[in-house]
Amino acid sequence: MSTRRGTVAYALVPPGATAKTLITEFARYLGIPVAARMTQTQITDAVCHTYTQAGVQLVLIDEIHRLNPRTTTGAQTTDLLKDLTQRLPATFVYAGINVTDTPLSTGTRGAQLAGRATLITCGPLPARHGTREPFREVITDIENAPYLHQHQPGTLPAHARYLHQRTAGRIGSLTRLIRQAAITAITAICDGTERITKTALDAVTLDHLAETHHRPRTR
């Protein structure tokens, strides 16, 4: 993935990650060949060389809460991340769930990682932010994705208030809701009703949290 200012790289921390499996994820993202006989050091050198040559300026590391520096493998993996931040001329962004409540931010290695990062707490996307409507903007972008010939553009943004209440502003619930409604709409091609309606959206069952706390009540 590239931006105007440089290339963006993405790595997902696998469950039970070791330093070698994580650096392999970095290699896989840019298509760097990794042979089974290669050592962690060799893969790391190849990643640092390729990322530098590609002009990677932003590295996104997802599911960071899976790391536990208190274990041997977790400590080695955390050391790898520290090594990468020193060798790559890029900004590192770590994304995870409740990272302050996990071992990731405690202990010697956790303190080192915390000392190199600024904590940004991300909550649900607000319906309004000043004069902007970020949630409606996301809905508009998502609406352009489904290939529904009969769907009228602007239909989903018109239900922004309902969608925000239904999903509590969570992007994951929103995309799941629209995707499932789109699948339902595609099955209606034969009768000419190939479009996403509020009725179709309301018929979709979302995750338990959204259904329990955020589904609008019918008067």
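Mentor: In this predicted model, a residue is called buried if its relative accessible area is under 20%.

Trainee: How are the planes of the rings of Phe-26 and Tyr-51 arranged, stacked or tilted?

Mentor: The count of aromatic pairs comes to 2. For Phe-26 and Tyr-51, the ring centres are 6.2 Å apart and the planes stand at 55 degrees. Planes under 30 degrees apart would be stacked and those over 60 edge-to-face, so this pair is tilted.

Trainee: How many residues apart are Phe-26 and Tyr-51?

Mentor: Phe-26 belongs to helix α1 (residues 19–29), while Tyr-51 belongs to helix α2 (residues 40–54). Their pair links distant parts of the chain. The separation is 25 residues.

Trainee: Which residue in β3 stands opposite Val-59?

Mentor: Strand β2 (residues 56–62) and strand β3 (residues 91–94) run parallel and are joined by 4 bridges. Together with helix α3 (residues 72–87), these strands make a right-handed β-α-β unit. Opposite Val-59 stands Phe-92.

Trainee: Why is Thr-78 classed as buried?

Mentor: Thr-78 is found in helix α3. Leaving aside residues up to four places away in sequence, Thr-78 touches Pro-69 and Arg-109. Thr-78 counts as buried because the limit is under 20% and its relative accessible area is 5%.

Trainee: Which residue has its backbone oxygen 2.8 Å from a polar atom of the Thr-78 side chain?

Mentor: A polar contact requires N or O atoms within 3.5 Å. The distance here is 2.8 Å, and the backbone oxygen belongs to Gly-74.

How values were computed
Residues are numbered from 1 along each chain as its sequence is written. This is a predicted model: local features need pLDDT of at least 70, side-chain atom pairs count only at pLDDT 80 or more; totals for chains, interfaces and linings use all residues. Side-chain values use heavy atoms; hydrogens and water are left out. Two strands pair if DSSP finds at least two bridges between them. Helices (H or I, at least four residues) and strands (E, at least two) are DSSP runs, numbered from the N terminus. A crossover is right-handed if, with the strands pointing away from the viewer, the path from the first strand over the helix to the second runs clockwise. Buried means under 20% relative accessible area, exposed over 50%, partly exposed in between (1.4 Å probe, protein chains only). A polar contact is a pair of N or O atoms within 3.5 Å; within protein, one must be able to donate a hydrogen and the other to accept it, and residues adjacent in sequence count only if both atoms are side-chain atoms. Contact means heavy atoms within 4.5 Å. Rings of Phe, Tyr and Trp (its six-membered ring) pair if their centres lie within 6.5 Å; planes under 30 degrees apart count as stacked, over 60 as edge-to-face and the rest as tilted.
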